[in-house]
Amino acid sequence: MGELSDLFLLLALLTIVGLWLKLNRAREQATAEARQQCLRHGLQLLDETVGLRSLRLRRVGGRLGVERCYSFEVSIDGDDREPGRLWLIGTVMTGLSLPTIELYLPEAPPRVRLDESKDNVVPLRPRDRNLH
């Protein structure tokens, strides 16, 4: 009976090591994808790493797969830290969330402080319809 329990223990240990190696390889792929997306959007990937945030089952194209969510931090101008997220199924990116950069255009009306205005209405900037 001792040999059978040793065999199950060895099988469990090999399963754990295999899963750890698979998740480590997936994290390396996610880091490469995050680096590529940061270069594409003009951001700096901080710490050159990502962290697994969550796992969930998701159906894409009629097939059920495990979607992994990785979180990371980026910098817009080198002086800040903003959160980012990346969703992957296998090696395919299914979602990306990066911080937005609010640009103040020269032709936009100047901002009005509440204490300088005569009423409590704050003017809104017109919506920019020229998205990438």
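Biologist: Which residue in E3 does Leu55 stand opposite?
Modeller: This is a predicted model, so local features need pLDDT of at least 70 and side-chain atom pairs 80 or more, while totals for chains, interfaces and linings use all residues. Residues are numbered from 1 along each chain as its sequence is written, and side-chain values use heavy atoms, without hydrogens or water. In E3, the residue opposite Leu55 is Arg68.

Biologist: Which residue in E4 is the bridge partner of Arg68?
Modeller: E3 and strand E4 (residues 82–89) run antiparallel and are joined by eight bridges. Two strands count as paired if DSSP finds at least two bridges between them. In E4, the partner of Arg68 is Leu88.

Biologist: How many bridges pair E2 with E3?
Modeller: E2 covers residues 51–60 and E3 covers residues 63–75. Their hairpin has two residues between the strands, and Gly61 there takes a positive phi near 65 degrees. The pairing is antiparallel, and the number of bridges is nine.

Biologist: Which glycine takes a positive phi near 95 degrees in the hairpin of E3 and E4?
Modeller: E3 and E4 run antiparallel. Six residues lie between the strands in their hairpin, and the glycine with that phi is Gly78.

Biologist: Which residue in E3 is the bridge partner of Leu45?
Modeller: Strand E1 (residues 44–45) pairs with E3 in the antiparallel sense, over two bridges. The E3 partner of Leu45 is Val74.

Biologist: How far apart are the closest N and O atoms of Glu67 and Arg56?
Modeller: A salt bridge puts a side-chain nitrogen of Lys or Arg within 4 Å of a carboxyl oxygen of Asp or Glu. Glu67 lies in E3 and Arg56 in E2, so the pair ties together parts eleven residues apart in sequence. Glu67 also bridges to Arg58, at 2.8 Å. For Glu67 and Arg56 the distance is 2.6 Å.

Biologist: Is Glu67 buried or exposed?
Modeller: Buried means under 20% relative accessible area, exposed over 50%, and partly exposed in between (1.4 Å probe, protein chains only). Arg56, at 47%, is partly exposed. Arg58, at 30%, is partly exposed. Glu67 has a relative accessible area of 2%, so the class is buried.

Biologist: Which residues does the salt-bridge network with Glu73 join?
Modeller: The side chains of Glu73 and Arg81 meet in a salt bridge, 2.7 Å from N to O. Glu73 is partly exposed at 34%, and Arg81 is partly exposed at 46%. Bridges with shared partners give one network of Asp47, Glu73 and Arg81.

Biologist: What accessible area does the nonpolar patch with Leu14 have?
Modeller: Patches take residues with over 30% relative accessible area and no salt bridge, joining like charges within 9 Å and nonpolar side chains (Val, Leu, Ile, Met, Phe, Trp, Tyr) within 5 Å. Areas come from the Shrake-Rupley method with a 1.4 Å probe; for residues, only the protein chains shown count as cover. Leu14 lies in helix H1 (residues 2–41) and is exposed at 54%. Together Leu10, Leu13, Leu14, Val17, Trp20 and Leu21 have about 620 Å².

Biologist: What share of the 132 residues counts as buried?
Modeller: The accessible surface of the protein chain is about 10,900 Å², with 57% of it on carbon and sulfur atoms. Among the 132 residues, the buried share is 20%.

Definitions and conventions:
Helices (H or I, at least four residues) and strands (E, at least two) are DSSP runs, numbered from the N terminus.
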